[in-house]
Amino acid sequence: MSFLWSNLGQVWNLTVSHVWLAALPIVIGFVVAVPIGWVANRYRWSRGVLLTVCGILYAIPSLPFFFAMPALIGTQILSPVNVVVALSVYALALMVRTAADALAAVPGEVKQSATAVGFSGWRRFWSVELPLAGPVLLAGVRVVSVSTVSLVSVGALLGVPNLGVLFTDSINRNYPEEALTGIVLIMILALVFDLILVGLGRLFMPWTRADRRARKRERGAAMKAVTGA
């Protein structure tokens with residue numbers, strides 16, 4: 001703990017940088033993945049192609065990808081944009097399959113009922129399909145969040161400030177406490193991101209809580225019936 005208290009200002013600045021470098025790709029990946037997932041679900045012929053491409057993108061080793069990014073998008077080697085774009089690609093690659101599976105899980109009779117009462121395709125997507133796919137999408141975003149918070153640290157090898165700097169400095173100075181501080185802080189950030197996503201899910205999808213309560217009541221009633229029998 002002595003390193004943390006002695007370098008609190010530096011650690012705080014690195015933490016703030018780490019947060020926004022992780023948050024932007026999560027948001028970008030989600031926003032781009034949902035329409036691609038819709039296409040993969042809507043047009044069956046495209047599903048295999050899109051999911052295969054996303055699988056290949058996620059298989060790219062992170063370190064070479066980060067170093068290749070300036071040549072690919074024409075930025076400076078030290079630009080934080082390199083990290084944001086690379087992590088957005090990884091987030092997108094993870095989220096597309098989740099989005100496709102989430103939309104595919106929406107019952108067909110529900111979509112047919114929405115169409116029967118006069119919903120257009122666009123309105124049906126926003127009012128029916130997306131809300132029902134929400135819990136699965138949230139689970140996917142939570143996985144992306146943990147992965148992204150961890151991968152941000154690789155950007156330190158490009159000279160982009162984040163908590164990964166504590167690892168590189170620790171190696172150069174042979175100071176294990178500095179690396180341990182970085183590991184603990186990244187784990188805490190991953191937990192905080194996850195808690196925020198869970199909170200947002202409860203805020204924007206209150207029906208999921210009602211569903212859980214209903215399932216608990218059903219299980220309780222079943223247990224009572226079995227016990228009574």
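What is the volume of the second largest pocket? In this predicted model, the second largest pocket has a volume of about 350 Å³.

View 1. Helices α2 and α7 each contribute at least two residues to the lining of the second largest pocket. Sorted by class, that lining has nine nonpolar, two polar and four charged residues.

**View 2. The largest pocket and its lining.** The volume of the largest pocket is about 640 Å³. Its lining is made up of 20 residues, and Phe30, Leu138, Val141, Leu197 and Leu200 are the ones nearest the centre. At least two lining residues come from each of α2 (8–42), α7 and α9 (176–204). Of the residues in the lining of the largest pocket, 18 are nonpolar, two are polar and none is charged.

View 3. Ser145 is part of helix α7. Its relative accessible area is 0%, so Ser145 counts as buried, a class that requires under 20%. Leaving aside residues up to four places away in sequence, Ser145 touches Ile26, Phe193, Asp194 and Leu197. Leu197 is also one of the residues nearest the centre of the largest pocket.

View 4. Helix α4 covers residues 62–73, 12 residues in total. From the first C-alpha to the last, α4 reaches 16 Å, close to the 16 Å expected at 1.5 Å a residue. Phe65, Phe66, Met69 and Pro70 are the buried residues shown in α4. Viewed down the helix axis, the buried residues of α4 fall within an arc of 150°, so they line one face. An α-helix has 3.6 residues a turn, so residues three or four places apart point the same way. Ala71 and Leu72, on the other side of α4, are exposed.

**View 5. The surroundings of helix α4.** The packing partners of the buried residues of α4 are α5 (80–104) and α7 (121–151). Helix α7 also holds Ser145 and supplies lining residues to the largest pocket and to the second largest pocket. Just after α4 comes Gly74, with a positive phi of about 75°.

Definitions and conventions:
Residues are numbered from 1 along each chain as its sequence is written. This is a predicted model: local features need pLDDT of at least 70, side-chain atom pairs count only at pLDDT 80 or more; totals for chains, interfaces and linings use all residues. Side-chain values use heavy atoms; hydrogens and water are left out. Helices (H or I, at least four residues) and strands (E, at least two) are DSSP runs, numbered from the N terminus. The expected span of a helix is 1.5 Å times one less than its number of residues. Buried means under 20% relative accessible area, exposed over 50%, partly exposed in between (1.4 Å probe, protein chains only). The arc is that of the directions from the helix axis to the C-beta atoms. Contact means heavy atoms within 4.5 Å. On a 1 Å grid over the protein atoms alone, a cavity is a set of points where a 1.4 Å probe fits but cannot get out, and a pocket is an open set with protein on both sides within 12 Å along at least five of seven lines; lining residues have an atom within 4 Å of a point. Grid points are joined across faces, edges and corners, and a volume is the space filled by probe spheres set on the points. Ala, Val, Leu, Ile, Met, Phe, Trp, Tyr, Cys and Pro count as nonpolar, Asp, Glu, Lys and Arg as charged, and the others, Gly among them, as polar.
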